[in-house]
Every structure is written in structure tokens, then in C-alpha cells.
Amino acid sequence: MTAERHIRASLALVAAFLATGLWLEAMYGLRAEGWIDDAIRREFLRLGHSHGALLGLLNLGLAWALERLQTPAAWARRIRPAALTGALSVGLGFIAGGLWHGPTDPGPPILLVPLGALLLLTSTVALALVRPGDLAPPGSEQG
Amino acid sequence: MAAGRADLAFVWLFGPAIVFALVALVAVAWTIADDDAWGPVERRGAAVVQSATCARCHPDEHASWRRTYHRTMTQEARGDALLAPFAGERLDYLGFEATMDRDDEGRPRIRIVERSGGGEAAPIVDARVVMTVGSHRYQQYLAAIDRGGGAGEIWRLPVAWHVGEGRWIHLNGAFLEPEGTIGAADDYLRHLSRWNDNCVLCHNTEPRPGARADGRFETALGEIGIACEACHGPAEAHIERHRSPLRRVLAAAIEGRAHAADPSIAAPSGLTGARASEVCGRCHGNRIARDLGAVLRDGDGFLPGEELAAVSRPIFADSTLGDPPEAPFGERFWPDGTPRLSAYEYQGLLLSPCHQGGAEGGLGCGDCHSMHRADPAMQVREDRRGAAACRGCHDEAAIPAGHGGHGESVTCLECHMPRITYGLVQGMITHRIASPDPGALVGRDDQPDACTLCHVDRSRAWAAAAMAGLGLRGSAPGPEREAEAWGSRTMLDLLGGDPIQRVLAADALARPRATMEPRSRIAWLVGALEDEYPAVRLAATRAIRENARQSGDRALQEAIAAFDFLGPVDARLVVVDRLRELVGPGPLDAHPERLEALAAAQERQLIWIGE
């Protein structure tokens, strides 16, 4: 994945999860049944909206940092999809878990959240630790 | 070389997530296949975990329950739980003086002495209040008193705080009994009753009276007051099962509506209407235990979700006790078997055609009431207020609003669930749903009807004719009794009915919708202020106060404000005379022979209904 694609995908992620915020506001304004009266759904849809949008912004930061830190291409090519997948998993996991929930807890899609969180965590740690010359031949292409 | 480095990056970046996914898949599959996570579980004998534990997973349900009067049914006597001031108030009644104050440490106490003792007599009660019972209509007080049953005995004291009236009352005034003899301690202490084997059972969660063979008590409560596990059953097994987060997360997928199907807990909303109603009927339907000894030792043995009939049978008019069998409950029911006391709501439901004999789809308590997100006063569901109570089954096309010819302002309940029940010193709606049929009761004095509780100035013959005129079905009226020709049903009940009829007639005359203008209603009610039963006097006091308010007459309002329904006879008569001056003669003052006949009818109908 190229840097440009990463940035565009991150912006798309931010836009998509901001749009869910509009949806939630509309449901609140319309006092939609199944939203206003369902505390678990309300909580997890809010979590999905906020996490998705914020982790989209985090991806923008990661994309910038990958360039700024001259992370080796072999790492950068994998960090970008891992971080994007992580952000998407966290956001969607919260939303789907809230839409399809049990009496006290979110539904099975919530298991996507720790999975996505692990991807984001490893991506961020890798970005922090890997130096330009690490694990890549001298003079190789930068991410 | 580069490929190996790339693989290292892949493993670093994706490895933890892949491992998590694999572990999660295995754990999910294991949980789905684990019978312990989904199958039946033994609930009987499980420990009570108490409401604070439930709140951790069910905060909304816990919050809505906390707003109910069920939660505050029994409380420790401290802080906001105490509704009475306990600031040195006094209640003089039946020759005794009760003083309600606090000790040096601010703890509430009640001291009762005989007044003729001149302050020298030893108190008949001198007790520190340890618990309260009730918080909606009136609050009763409990004290630890050893009356031969050991240190574990708790007794309900004979005075209570009436919330609506904002005053102390004596419990002789809360039950339908003659007042008693002045200075007679036995009469005064008639309602000094032991909590351990009475109130404890329906006013707490999973109580265990702990009666011992030697007459002592080791009473234990699962939780004080009526908390979550009173309706859902002890939740220890439920908590254990749901410690697994995967079990909780998978509930939506495995059980669909897991709350309804989870066998580790009883959820009344997931039971059939009949079975869910048994959860309410446990306390809102007086019953006879199959094994009283076991109840007094270990509790009532009922497990919500299981059959109530396994441990008890509801009391009906013809229920019998003892050998040879006796039927002592008749006066708690109207002649047609309809309960006329509160705490028999379950029986009312069972007798209603809407219940359909408990068949699937028949009406249950939960069709109108809920413990969660409902009005705390009556626990009526928000979506079942007014006519909506019936619209769940009877739609507008089948039964149009106002089909009774009264317009839409008269709701279904007023005709089909009239206020013919006595409870907590007031009239209440019946829970036996039926259609009014005043024609069937013409010529009878023993049961009120829906029509004449609003049309207070009319007879049943009039009501029957009016129903026919409106095209409504009803029985053809039989011959009237002589009194029915000159007196309205409500007047005859107020002046010549039994104590319950007199309370209900006064209650009917208090309602703004009742026909007749307020001053005329007061003229009828004044005589009831002299009633032998304090409960009737209180009902009449309330009715006169309400009518005086409606009339806007300040003199009337001041006169009735001076009436103490438990006060000395002389003082009461002063107010009665003043009211007569203000509203003129009573309805039968011109016909003393009629008044005497009705008074004689009253005397023939003494009843004695305690707890």
C-alpha cells in the first residue's frame, strides 16, 4: 500500500465514522425507538462512532510519521494495512456489537475490537521502534 | 533475505491479532458447545446475591426498580427511610398516649402509656424503632421486643405514619374493625403483631422466618425490602454462569432473546402471562400454604418461574381451612366471589374473562404492570395508561372508544374495573375485569356496581334502564326493595351498608366525576363522620375535604380541617355540628324512620377484617 493510498483511506475512514455521528444525532433528534431507549446499543454505537473517527485520525498521523521517520518500505507496506484494518475493526466491532447485542453485553462482533486494537498497537509500536536502516538493505526504498 | 525481513514484519504486525483470533475462535466454539453455559441449572437453594450485584450488569433495571415503593417496603429505620418526624409528636387514642421521639443518639423510638395512669403507669410499649414497613400510603414501624419469643422477635407497633394525611394514625383505623373499648390495652394492642412470622414474608426478599420448635425465631432476609430476587429468584447460579464474558457476548447469538430463554434466572417478561402473574400473585393474592410449618421455618418455598400452586393455593370466598373444614374467608369477597380487599388482585385476575383461565394469550399482570420503567405509584406501564390498557387486545374497530355512551373521557377502567376494593384505608379499583350489570343487582344491598359509583344520586333501576337506552347489554332488573325507591344506591350504602360499602360510598362521593354538586355530597357525608369504624370516618373526612376544596367554600374547608377521625367523640361532634350548620340537613333528616332502618342495617353488618 502506498503512502497516498494510506492517507486517502484514512480520510475515508474519518469521513465514514463522522457520518455515523450524523446518523446517531438524527436518531437522537427523532427519538428513534431502539436507540433512545436501548442503553447498550446507544453506548456501543457512540463508541464505534468515536473510535472509528479518532482511529482514522490516528492513521493519518501514522501515515505522516511513516514518511517523517523514513520507516523501511518492508515495514511500511505492512504497517499501513495493519493500522487501517485495526481502525476499521475497532469502529465496526463496536457498531456491529451494539446493533446486535444481548441483554447486558454487546454481541459477538465486539470480538473484532480487541483484534483491531492489537493491530493498531503493534503498528504503532513498530513505527516507534523501527529505524530507517533496520531490517532493510542500505539504500532501499523508503515508505 | 528481504523476504525473511518482510516475514518478520508480518509476524510482528499481524501475529498477535492472528493468535487472538485463533484463541477467540476456539473459546467461542468451546463456549457454544458447553452445556454448562446454556443448559438448565439448579436454581432452588441458590444464594441471594442482592440488588447491588445485579446493578453491575443491569444498571437501567436496577435504577427503575430503585424508584419503586417495592424497594422501600422494608427499610432500616434511619435517615431518609423515616417518613415520620419523630420529633416528640403525640397521638391520643382509645385512652392511651403514644409519643414518638428520638433517643440521645437520634434513633427513633415510640413510647405508649395509659392516660388514666397520670404519667405514673408503666408504658405498655417503650421501644426503639429498628425497621420501617411501607412508604407509599402509610409507614409502619418495627421494634425488637422480647414478648416470650426471645431476642430475635420483631414486633410491628400499633401506630403508623399516614403519608397522605401527614399524621400519625392508630392501626385500628387502618383495618375494618370496630374501634374497641377506651382504656382496654388488648384493643389498643390489637395490631401489635409479630413481624417474624407475618409481615416478613411478603415485604422482603427471600425471607426465612426461622421459627424454631421452642417458639423462638432466627429470622434471616435475603435482602431487606422487595428487591430483584423477589421476582427473579435467587441469582447465585445466574451470576456464576455469567462470569464468562464470552457467554454474555454470545447470548445474543445463541439465545436470540437471551433474557427470555436463560434458564439460570426467572424473567417474568419471558414467562407466559399465567406463570408471570404467579410471581406477582405470590404477594398480591393472599393464599394458604400447603405446609405452614415449612413456611414459618424456611420461607414460602416459591421459586419465581415455577408453579405457585405447588406451594400454596389462593384464597377464594369458598376456600376452607382445618378439619372439619371451615370457610372463614367469605366476608373478604362480594357475593359473586369478587375480592373486596386489596392483596387479592391475583384472584381478581384469575376470575377475569380476559385471563382466559391462564391460557396462552390470556391477560397477565405484565400486560398492564411492570416493575421497570413504569409509574412507581401503581407500576402501570407507560404504554398501558388509560384506554391503552385494553387496546392491546380490544382494538378500536372491535370496540370503539366511548362505546358505553359516556364519551371518551370515561375510560375503560372506570366501568370495567370500578373502585369496589378496600385497601390501605381507601377505595381501590377491582382487578376482576367485568362489564357493568346494575340490573342484576337491583333488589340487593350486598354489592356495589360501577354505574352508581359515579351516578351517586341514582338507583340501580335507573342505571339498568339507562344502559338499555344506550343499547348496552345487561340483565333485566328485578323488583326493587322499598328503600331503593327513595334512596340512591350510594346513599343507601353510605348510611346502611357494611363498613366496606360505607368506605367505598364515601370514596365515590370524593371523586370529582361523581354527579351532584359538592355541598350536597358533603351533606350526605357528614353522618359518616360519626361512624363506629375509624376507617369509615377517615374516608368520609377525605371526601368532605375534597368536596370542600371543589366548592371553594373556606368555612367548609376550615371546619373539616379541625376534624380528627381518631380524636375524642366530643371533639368530633363539635365539627359534625358545625358542618351541619354549613351544609344544612342530611338527606334523610326529614325521614328519621328511614335513617333508623339504615342504621339498624349497619349494625347487622359488623365485620372484622384484620390482616
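I started with E6(B) and strand E7 (residues 154–162) of chain B, which pair in the antiparallel sense over six bridges. For me, strands pair if DSSP finds at least two bridges between them, and strands (E, at least two residues) and helices (H or I, at least four) are DSSP runs numbered from the N terminus. I looked up Gln139(B) and found that its bridge partner in E7(B) is Trp161(B).

A note on what I am reading: this is a predicted model, where local features need pLDDT of at least 70 and side-chain atom pairs count only at pLDDT 80 or more, while totals for chains, interfaces and linings use all residues. Residues are numbered from 1 along each chain as its sequence is written, and chains are lettered from A and ligands numbered from 1 in the order in which they are written.

Next, the other neighbour. Strand E5 (residues 125–133) of chain B pairs with E6(B) in the antiparallel sense over four bridges, and Val133(B) stands opposite Gln140(B). The two strands form a hairpin with four residues between them, and I noted a positive phi of about 90° at Gly134(B) in the turn.

Is E6(B) mostly covered or open? Six of the seven residues of E6(B), 138–144, are buried (20 or more other C-beta atoms within 10 Å of their own, C-beta atoms being placed from the backbone).

Last, I checked the chains: 27 residues of chain A are in contact with 25 of chain B (C-beta atoms, placed from the backbone, within 7 Å). H4(A) gives the largest share of chain A's side, seven residues.

Conventions
Two residues are in contact if their C-beta atoms, placed from the backbone, lie within 7 Å. A residue is buried if 20 or more other C-beta atoms lie within 10 Å of its own, exposed if 12 or fewer, and partly exposed in between; C-beta atoms are placed from the backbone.
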